[in-house]
Amino acid sequence: MTTKPRKIGIYGSSFDPITNVHLWTASTVAHRKNLDLVIFLPSSSMRHDKKTNTSDEHRVNMIKLAIQDNPKFVFDPYELTVLAGMQYTFHTMRHFREQYPEDELYFIMGADLLVDIADGKWSHEKELIEENKFIIMARNGIDMTEAISRSPILRNHDDGRFQLMSKGLAMEISSTYIRDEFSRGGEPKYLLPDSCYDYIKKNSLYRI
């Protein structure tokens with residue numbers, strides 16, 4: 001009996017901290033695209049393009065607290081453990097394709113990152129696009145189809161590998177906003193899971 005391939009989304013971010021928008025986004029993507037798993041992949045603090053404000057340990061602890069009640073959500077430390085220079089999405093997706101060779105993988109990203117790829121700002125962008133499938137979430141003010149059409153790499157591979165989610169995923173409450181609220185004595189309690197809010201308070205994170 002042949003096992004049906006699973007559909008798995010790779011959801012990378014700094015998660016600094018993880019927010020209710022991250023969770024709602026992952027849940028909505030999983031529902032609309034019939035994903036069996038969403039892998040939460042915190043980015044390495046060694047990446048020059050993703051500076052973090054707290055330790056890997058704290059970010060990991062908050063992710064685990066946030067996703068513990070959803071069996072479709074899985075934490076993976078891959079980018080936190082690989083050698084410097086190997087944390088880029090091109091390498092990451094090759095790693096997961098090796099880990100899940102029988103399954104169908106998608107890299108979940110915002111439309112702002114699609115624009116960055118179109119502008120040639122990603123490492124190994126040609127191989128990344130050639131080898132993978134993507135679920136792309138809307139961002140306010142970004143025309144996703146225009147970003148694809150103006151990039152030779154993207155439009156030459158516009159064969160169904162880009163699944164655009166243009167409605168209902170343009171929420172802009174960010175981890176940056178939450179960090180700023182904490183640092184200024186604000187009250188962002190309802191913007192992140194209660195367990196993570198309590199963890200931040202207990203460990204005095206994001207204070208100036």
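Mentor: Buried means under 20% relative accessible area, exposed means over 50%, and partly exposed is in between (1.4 Å probe, protein chains only). This is a predicted model, so local features need pLDDT of at least 70 and side-chain atom pairs pLDDT 80 or more, while totals for chains, interfaces and linings use all residues. Numbering runs from 1 along each chain as its sequence is written, and side-chain values use heavy atoms, with hydrogens and water left out.

The chain has ten helices and six strands. These are DSSP runs, numbered from the N terminus (helices: H or I, at least four residues; strands: E, at least two). The radius of gyration is 17 Å, close to the 17 Å that the globule rule gives for 208 residues, so the chain is as compact as a globular protein of that length. That radius is taken over C-alpha atoms, and the rule is 2.2 Å times the number of residues to the power 0.38. The C-alpha trace spans about 50 × 45 × 35 Å along its principal axes. Now count contacts (heavy atoms within 4.5 Å). Take those between residues at least 6 apart in sequence: 75% join residues at least 24 apart.

An α-helix has 3.6 residues a turn, so residues three or four places apart point the same way.

Tyr-78 lies in it. Tyr-78 counts as buried because its relative accessibility is 11%. Set aside its neighbours within four places in sequence. Tyr-78 then contacts Leu-41, Met-86, His-91, Thr-92, His-95 and Phe-96. For a sense of distance, look from Tyr-78 to Leu-154. They are 76 residues apart along the chain, and their C-alpha atoms are separated by 27 Å.

Stay with Phe-96 and turn to rings. The whole structure holds eleven aromatic pairs. One of them joins Phe-96 and Tyr-100, stacked at 6.4 Å centre to centre, with 15 degrees between the planes. Rings of Phe, Tyr and Trp (its six-membered ring) pair if their centres lie within 6.5 Å; planes under 30 degrees apart are stacked, over 60 edge-to-face, the rest tilted. Both Phe-96 and Tyr-100 are buried. Elsewhere, ring pairs link Tyr-11, Phe-15, Phe-40 and Phe-73 into a cluster.

At 18% relative accessibility, Ser-14 counts as buried. It touches Ser-43, Thr-52 and Arg-59, not counting residues up to four places away. A cis peptide bond joins Asp-16 to Pro-17, with omega about 5 degrees.

Helix 1 comes next, and Thr-25 is found there. Thr-25 counts as buried, at 6% relative accessibility. Thr-25 and Glu-125 are 100 residues apart in sequence and 25 Å apart in space, C-alpha to C-alpha.

Asn-34 lies in the loop between helix 1 and strand 2. Its phi is positive, about 55 degrees, although it is not a glycine. Asn-34 is exposed, with a relative accessible area of 55%.

Two more stops. His-157 is in the loop between helix 8 (152–155) and strand 6 (162–165). His-157 counts as buried, at 17% relative accessibility. Beyond its neighbours within four places in sequence, it contacts Ile-129, Glu-130 and Phe-162. Last, Ser-204 lies in the segment after helix 10 (194–202). Its phi is near 50 degrees, again positive in a residue other than glycine. Ser-204 is partly exposed, with a relative accessible area of 37%.
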